[in-house]
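Subject: Handing over the structure

Hi,

Here is the structure I promised to pass on. Could you open it alongside this email and follow along?

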Amino acid sequence: MRIGELARKTGVTPRALRYYEEQNLLVSERSDSGQRHYAETAVDQIRLILELYAAGLSSRTIAELTPCVIDGKATSELLDRLALERDRINQHIADLTRTRDRLDSVITGASASMHTGAPCRRHTAV
């Protein structure tokens, strides 16, 4: 498929797709006229790249992990790196959950004080 079609299917701009290629995250074949053509698997690959970006991984890290994540080709070093990234994500989830719980406490306290007319309790820093 051509770059425009891949962009439509993934919601990613053609410029971003070219950037992914520059960063060795995505591969295309070139036609005789120089147009990029992508395999159907590129759609899933782009979705994975977007998920990894959303999880806080850099393009450099994604490029390093791509052989394992996409192709299943792993070295012990690569698996160790994946485990570190997983642990970092788990810690981030725990931090976000703790923050959400604190916000829930503030919201619940403020809501209760609105209904009773009592002053809002002070909470520790969010």
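Predicted model: local features only at pLDDT ≥ 70, side-chain atom pairs only at ≥ 80, totals over all residues.

First, some ground rules. Residues are numbered from 1 along each chain as its sequence is written, and side-chain values use heavy atoms, with hydrogens and water left out.

**The layout**

The protein chain has five helices and two strands; helices (H or I, at least four residues) and strands (E, at least two) are DSSP runs, numbered from the N terminus. Reading from the N terminus, the order is α-α-β-β-α-α-α. The chain has 126 residues, and 25% of them are buried. Here buried means under 20% relative accessible area, exposed means over 50%, and partly exposed is in between (1.4 Å probe, protein chains only). As for contacts (heavy atoms within 4.5 Å), take those between residues at least 6 apart in sequence: 44% of them join residues at least 24 apart.

**Helix α1**

Start with α1, where Ile-3, Leu-6, Ala-7 and Thr-10 are buried. These four sit on the same side of α1, because they cover an arc of only 100° around the axis; the arc is that of the directions from the helix axis to the C-beta atoms. The cover over the buried residues of α1 includes α2, β2 (36-37) and α3. Thr-10 is worth a click: its relative accessible area is 14%, so it counts as buried. Leaving aside neighbours within four places in sequence, Thr-10 is in contact with Val-43, Ile-46 and Leu-50. After α1 comes Gly-11, which has a positive phi, near 75°.

**Helix α2**

In α2, the buried residues are Ala-16, Leu-17, Tyr-20 and Glu-21. Their arc around the axis is only 145°, so they too lie on the same side of α2. Arg-15 and Glu-22, on the other side of α2, are exposed. The buried residues of α2 pack against α1, β2 and α3. α2 is followed by Asn-24, and its phi is positive as well, near 60°.

**How the helices cross**

For these, axes are lines fitted to C-alpha atoms, for helices over the stretch in contact, and angles run from 0 to 180 degrees between N-to-C directions. Angles under 35 degrees count as roughly parallel, over 145 as roughly antiparallel, 65 to 115 as roughly perpendicular and the rest as oblique.

- The axes of α1 and α2 come within 9 Å and cross at roughly 105°, so these two helices are roughly perpendicular to each other. Ile-3, Leu-6 and Ala-7 of α1 meet Pro-14, Leu-17 and Arg-18 of α2.
- The axes of α1 and α3 come within 10 Å and cross at roughly 50°, which means α1 is oblique to α3. The contact brings together Leu-6, Lys-9 and Thr-10 of α1 and Ala-42, Val-43, Ile-46, Arg-47 and Leu-50 of α3.
- The axes of α2 and α3 come within 12 Å and cross at roughly 85°, so α2 is roughly perpendicular to α3. Here Leu-17, Tyr-19 and Tyr-20 of α2 touch Ile-46, Ile-49, Leu-50 and Tyr-53 of α3.

**The core**

A nonpolar core is a set of buried Ala, Val, Leu, Ile, Met, Phe, Trp, Tyr and Cys residues joined through side-chain atoms within 4.5 Å. The largest one has 21 residues, and those touching the most other members are Leu-6, Leu-17, Tyr-20, Leu-26, Tyr-38 and Ile-46. At least two residues come from each of α1 (3-10), α2 (14-22), α3 (42-54) and α4 (59-71). The largest share, five residues, comes from α3. Not counting residues up to four places away in sequence, Ile-46 touches Leu-6, Thr-10, Val-12, Leu-17, Tyr-20 and Leu-26.

Finally, look at Ile-89, which lies in helix α5 (residues 76-116). Ile-89 counts as partly exposed because its relative accessibility is 27%. Not counting residues up to four places away in sequence, Ile-89 touches Ala-55 and Leu-57. Ile-89 and Leu-57 are 32 residues apart in sequence, and their C-alpha atoms are 9.4 Å apart in space.

Over to you!
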